[in-house]
Amino acid sequence: IDALINNKFIKQPINQIDLTGNGENTLSGLEAADILSLTDDQPLLIEGDSEDQVLLKNPKSWDSIQETIGDITYNVFTLDGATVKIDTDIETNADIA
């Protein structure tokens, strides 16, 4: 994420990250400030599969609910005005309400 935020070539907000691919993919250290910077204050949608993992920074600080969009259920985490929707197939280190 730090590489994305600090990349001066990114001129448009990023609202979706797809971790689906070969093998295990991990997105770690995700913070509320990262989401707000990447998405221009919009929710960040993260898709993937059971081999993938998203590790939120300070996981116990995030509020959570579940939301279904179409046929996909997401764990929705919010903190300090930032929202991230993580596909329930993805392992995460935060508690689900």
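In which strand is the place of G29? In this predicted model, G29 lies in strand β2, which spans residues 26-30. The relative accessibility of G29 is 36%. G29 therefore counts as partly exposed, because buried residues fall under 20% and exposed ones over 50%. Beyond residues up to four places away in sequence, G29 touches D34, L55 and K57. The C-alpha atoms of G29 and N58 are 8.5 Å apart. Along the chain, 29 residues separate G29 from N58.

The largest nonpolar core was examined next. This core holds 18 residues. Those with the most contacts inside it are L30, I46, V54, L56, W62, V84 and I86. Several elements give two or more residues to this core: β2, α2 (32-39), β3 (44-47), β4 (53-56), β6 (72-79) and β7 (82-87). The largest share comes from β7, with 3 residues. Contacts of L56 were then listed, again leaving out residues up to four places away in sequence.

Helix α2 covers residues 32-39. Its buried residues are A32, D34, I35, L38 and T39. Seen down the axis of α2, these buried residues fall within an arc of 160°, so they line one face of the helix. One of them, D34, is also among the residues that G29 touches. D40 follows α2. The phi of D40 is positive, near 60°.

Terms used: Residues are numbered from 1 along each chain as its sequence is written. This is a predicted model: local features need pLDDT of at least 70, side-chain atom pairs count only at pLDDT 80 or more; totals for chains, interfaces and linings use all residues. Side-chain values use heavy atoms; hydrogens and water are left out. Helices (H or I, at least four residues) and strands (E, at least two) are DSSP runs, numbered from the N terminus. Buried means under 20% relative accessible area, exposed over 50%, partly exposed in between (1.4 Å probe, protein chains only). Contact means heavy atoms within 4.5 Å. A nonpolar core is a set of buried Ala, Val, Leu, Ile, Met, Phe, Trp, Tyr and Cys residues joined through side-chain atoms within 4.5 Å. The arc is that of the directions from the helix axis to the C-beta atoms.
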